[in-house]
Amino acid sequence: MAKSRNTSLRALPSKSTEELSELQQKIRIHRIKILILIFVLTGIAIGLLFAALLYFERKVYTNYEVLEQIERRETEAAEYEEFQGNVLQYTQDGAVYASITGEIFWNQTYEMETPRIAVCEDYLAIYEQGGNRIYIMNTVGKQGMIQTTMPVQRISIARQGTIAVLMEDSQTSYIHLYDKDGKQLAGGGLHIENSGYPLDLALSRDAQKLAVSMLDIHDAEVKSTVVFYNYGTVGQNEIDNIVGSYSYKDMIIPSIHFVTNDQLVAFGDTKTILYEGTQKPKVKKEIKCKKNIRSIYFNEDYFGLVFDNPDSAKGYLTSIYNMKGRLVLEQKFDLDYTDIGFLQNGLLCIRNEKSVQLYTMRGSKRFEHTFDRSIHDIISGNGQLDYWFILSGETDRIKLKDNY
C-alpha cells in the first residue's frame, strides 16, 4: 500500500498596513497631478481660444481678396435691393430680379418716374408715390397688378401678397386692403378735419393687423395718434375694426413698421415706441430721444437711431436697441454716410458712394475700405469674412484679408 504524502500551502507574507497606506497615498498624489495637468492644459486651451476670439473680434481688415468677379451690364440711375438672397435692380423703365452671379429670374417692365418698393418675406410690391399702379411680385414673377382710382401715397405688403394702400383725394385719405389679385378686402375714408392726416401705415405679416400713424394740428397744437385695426375675428366685434388707439402730444410719428407679425415700432421725433400683441397691440416700451434723429434702421432683432456726434462737430453716433427696448450698443463713426443698416450676418454696414465700414454688435470695426468705383449694394456671404459687393459694372465676391 502506497504511503500518502501530506502537502500544505503556505501563505506569502502580506504587506504591512503602513506599506498599503503609503502605496494608496502615492496613487492619490499621482491622480491629483494628472487632474492638475488636465486643468492647466484646459485653461491654456481656453485662454488661447479666448485670445484668438478677442484678436479676431478686434481685428480691422482694410484689404480683401477677390474670389469671383462677374461683369454686369450697368443701367443708368438703377437702384438695388437684396431680395431672398438675390438682387433686385429697378429703374424708371422696369425691374430685373437675378441671382448674384447674373442669372435672370424675371424682368418686369413699367413706367415710373420714381419707383419705390415694399418687401415682406417672399413678396414685394413696386409702386410710385402719386401713381396709380402697383405691381405685386415674388421670386417667380408677377403675381398681380392693382390699378387704383386715386394717387397712391404709401403701401405696406404682407407675406402672402396682401397689400394695404394709402391713397389721397382732395381733403380725404383712403386706406384700402387688396389681395394679390387686386380684389378689395376692406377699406374706408379718413377725413383730415376729423381724424388728422395719415403719415404712414404698416400691415402685419399675416395681414390681420393694420397700424396707421395720424398727425393732427389744431390751434397750433400738434398731436400724433397710432391707430390699430384688426381684420380678423377679434376686429369684427369692434367699431370700424379699431382695436386700439394711442395719442401723443407735441410729437410727430412719420414712420411705423411691423418688424415681426406681433411687434410694431413707431419712430417719433422725440421718442421711439414699441408695441406688442397678437390681436390688440399694447405699448411695451417708450424710449425718449433728446437729440435730433438723422436716420433710422431696423431688422427683426434690433433697431438703430443715428444722431450727430454729441462730443464733436464732426461724425455721428448710432444707438442700437433690441426689440425689448434695451440699449445694446452705442457706436461713434466718422463716415459721411448715405446708407446704414444691418447685413444678413448681423454686422452693421455704413457706407456712402465709394466707402464702407462694417461693425460687429460689440462695437468692433471689422472692415473699412474705399473703392475706386461706386458701391450699389453689399450682401453678406457665409460668416463674417465673405461678401458680395455690387459695384458699378461688376459684382465681386470678396474675402476680407490682412494688408500683408
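R351 is buried, at 10% relative accessibility, where buried means under 20% relative accessible area, exposed over 50%, and partly exposed in between (1.4 Å probe, protein chains only). D339 and R351 form a salt bridge with their closest N and O atoms 3.8 Å apart; a salt bridge is a side-chain nitrogen of Lys or Arg within 4 Å of a carboxyl oxygen of Asp or Glu. The pair links distant parts of the chain, with D339 in strand β26 (residues 339-342) and R351 in strand β27 (residues 348-351), 12 residues apart. Strands (E, at least two residues) and helices (H or I, at least four) are DSSP runs, numbered from the N terminus.

The model is predicted: local features need pLDDT of at least 70, side-chain atom pairs count only at pLDDT 80 or more, and totals for chains, interfaces and linings use all residues. Residues are numbered from 1 along each chain as its sequence is written, and side-chain values use heavy atoms, with hydrogens and water left out.

Side chains of opposite charge can pair when their charged atoms come close. The salt bridges come to 12 in number. Three of them are listed here.

| Salt bridge | N to O distance |
|---|---|
| E300 and R205 | 2.8 Å |
| D339 and R351 | 3.8 Å |
| R373 and D372 | 3.9 Å |

R205 counts as buried because its relative accessibility is 16%, whereas E300, at 41%, is partly exposed. Together with E121, these two residues belong to a network of salt bridges. In the remaining pair of the table, D372 is exposed at 68% relative accessibility, and R373 is partly exposed at 29%.

A nonpolar surface patch of about 550 Å² consists of I32, I36, L37, V40, L41 and I44. Patches are made of residues with over 30% relative accessible area and no salt bridge; like charges are joined within 9 Å, and nonpolar side chains (Val, Leu, Ile, Met, Phe, Trp, Tyr) within 5 Å. Accessible areas come from the Shrake-Rupley method with a 1.4 Å probe, and for residues only the protein chains shown count as cover. I44 lies in helix α1 (residues 17-58) and is partly exposed, at 46% relative accessibility.
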